[in-house]
Amino acid sequence: MKKVLFTLALGVCGKAAVAQLDQLTKGHLSGSFESYTQYYRKDEKIDAIPPPDKIGSNNFFKLDYTYRQFTAGVQYEAYLPAIQGFPFNSTKQNRSEGKLVNRYFRYAGERLSIQIGDFYEQFGSGLVFRSWENRQIGINNALEGVSVQAEPVNFLKLKVVYGRPRKYFDYANALVRGADAEINMNELFTKKPSGNVNVTGGFSYVSRYQEYTGTADKFPATVDAWSGRMNIDKGNASLGVEYVHKASDPHTANVYSDEAGKAILINAAYTAGKFGANLTYRGMSNMDYRSEREATGTVLPVNYIPALTRQNDYLTTNIYVYNAQVAGEAGGQADVFVNLGSSKLSLNYSQYSALNKPGAILSPGKELYFRDGSLEWKKRWNAKWQSILAYHYVNYNKYIIEGGAHEMVQSHIGLANILYKYSPKKSARLELQHLYTKEDRGNWAAAVTEWTFAPMWSVYVSDLFNYGVTDTHYYNAGGSVMKNGTRFSLAYGRQRAGLFCVGGVCRYVPSASGVTATLTVTFNN
Amino acid sequence: MKKCVQLLLALMLVLGHAYGQESFPSVTVKNLQGKDVDFSKLIGQSGDTAVIVSFWATWCVPCVTELDNINDVYADWQRTKPLKLIAVSIDDARTSRRVKPFVAGKGWHFDVLLDENNNLKRAMNITDVPYVMIIKNNKVVYQHTGYVAGNEDELLEKIKNL
């Protein structure tokens, strides 16, 4: 009898399991694989010294499955070993290791969503809190814990986070917890919210806890920060203000300063027909906020403070790139975009300098940190020809931004990017660039030519030439093939040492020479 | 652990049945007026219309070239087949404020959404931009990474053949 019952139960379970599988195939499965592998060779001309086994390989595998309101996912990473310059702990450098680093389960309902496991979140613009991932830079400060989002009434959105930040393959010896409330004033104060004005206010509170066992009483175990923000959007004009206050928090990265931190971010935007403009001001003092007080470099940030400058995509415009000075800076940025039909103009000006005195976040001082003024003109001549011409004037305070005994760099950059589509599926592109400066390493010239054959192939050859002082060619040649969600690329050449920045966060990359292979695969069913 | 997984699966099935039909993850992005938009609902409402979802950023030259080129023929495309383009900007807090004036200065005629902390990009497992997907009736019917001149013609061909 028992056996019969057991068999019956098994049969029912089995049937249910098949039915379940059938149901589950109706969900959404998404995944990706990314592999970045470098083979290094010794190259004395650029001081490139290969690691002991000459290979670096960063690999990421991610899988997410959604069925109705439920999503679950994992992320596996393997460093075989990590590529050169990757900000791993010194003990992990040159060691091959792989680990399942992220796993989560999420329920997303109409007014409530809960995520358990590793999660990413951002409050406001991230000035007080942001957990995010950037694989190129090597940042992943996902929190492992619980994240809750709720909308109890139409005018209120609440977020609560609680967890320990990820630190490469381990977790920080710290806890981060926070709450954010966003109130929609339209919904709150008007019966029928009108479509064209949107007013929101927000308040965030973030706190990090790290045990302190030492004897000095200036190191608090808990460091609190809070922020308030307001955004007004009226169709073609908008204004946003965000203010952050951070409690006294002496740690390694801020050289044990016990001053409170504060920051203000003001943004105004205006669009009219074929014209758009944006104006930003940001001042901050002592805003380095980390979950562990011993962390430095790009390790374990709690908040996100990008350089608010134009983000460039050319060889010569990426030589002097600003890195926001979290200890203290004030400045701003202006953008103007104009649509003249077949011509598009884009103007940008940004300038940042020291504070007049610590804490005076509304008072930029005389010492200039960075300035970039640029004009870009994109023109479509006909169905075959397109061109981009740009000019930049850049001041770069190398002493402040990179450290060491350096002077202010003053440079002019001119570039042309010409695209010729000579048949419906074939195109050729030529970039010519020049950076002029009397300081630092002197002038740079660059040329890139790329040939593409739609839908799959592209090949390129480029050279960045530092002439006059070092007379060094940073040559590269490579190609890529792409099909659907898969892209494979192979390149051979030299990589310039310097600050490598993505999204305004920078790490130092040493000179390298050799072969780079990249494979990315994405699938969504 | 195994029991936990079984329990979760069972829970997903039982609770999942009672609610909506969207098959994409419910991820919130913002429109250019700063209002929240649920991606799965947005796609769910599109039904028969083919939706081209293009992930891009203001600092990505090939992305902008692709969208400029599509914009030039967008009106013609819409006369050929029922379709719409949604350009999802993955610009983060560094550059996301520039998106709205940037779009005005480009004269783009399609919808633009902001995915500031890359939640949607992560949910769809996109590693690099540009990345284009065509979604119809809640299914991803085509996807393509990268851009070379001429790829836009392929998009229209795919939609014509759906």
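Biologist: Leaving aside its neighbours within four places in sequence, which residues is Glu292(A) in contact with?

Modeller: This is a predicted model. Glu292(A) sits in the loop between strand S18 (275-285) and strand S19 (328-340) of chain A. Beyond four places in sequence, the residues in contact with Glu292(A) are Lys167(A), Ala172(A), Asn173(A), Gln210(A) and Leu300(A).

Biologist: What separates the C-alpha atoms of Glu292(A) and Ala172(A)?

Modeller: Ala172(A) is one of the contacts of Glu292(A). The two residues are 120 residues apart along the chain, and their C-alpha atoms are separated by 6.8 Å.

Biologist: Does Glu292(A) count as buried or exposed, and what is its relative accessibility?

Modeller: The side chain of Glu292(A) makes a polar contact of 2.9 Å with that of Lys167(A). Buried means under 20% relative accessible area. Glu292(A) therefore counts as buried, its relative accessibility being 8%.

Biologist: What area do chain A and chain B bury between them?

Modeller: The contact takes 91 residues from chain A and 71 residues from chain B. Arg68(A), Gln311(A) and Phe337(A) supply 10% of the area that chain A buries against chain B, more than any other three residues. Carbon and sulfur atoms account for 50% of the area buried between the two chains, which is about 6,600 Å².

Biologist: How many salt bridges are there between chain A and chain B?

Modeller: On the side of chain A that touches chain B, the residues divide into 25 nonpolar, 43 polar and 23 charged. Asp72(B) and Arg380(A) meet through their side chains in a salt bridge of 3.2 Å, N to O. Between chain A and chain B, the count of salt bridges is eight.

Conventions
Residues numbered from 1 in each chain as written. Chains lettered and ligands numbered in written order. Predicted model: local features only at pLDDT ≥ 70, side-chain atom pairs only at ≥ 80, totals over all residues. Heavy atoms only, no water. Helix = DSSP H or I, 4+ residues; strand = E, 2+ residues; numbered from the N terminus. Buried < 20%, exposed > 50% of the residue type's maximum accessible area, 1.4 Å probe, protein only. Contact = heavy atoms within 4.5 Å. Polar contact = N/O pair within 3.5 Å; in protein donor to acceptor, adjacent residues only side chain to side chain. Buried area = accessible area lost by both parts, 1.4 Å probe. Salt bridge = Lys/Arg side-chain N within 4 Å of Asp/Glu carboxyl O. Nonpolar A, V, L, I, M, F, W, Y, C, P; charged D, E, K, R; others polar.
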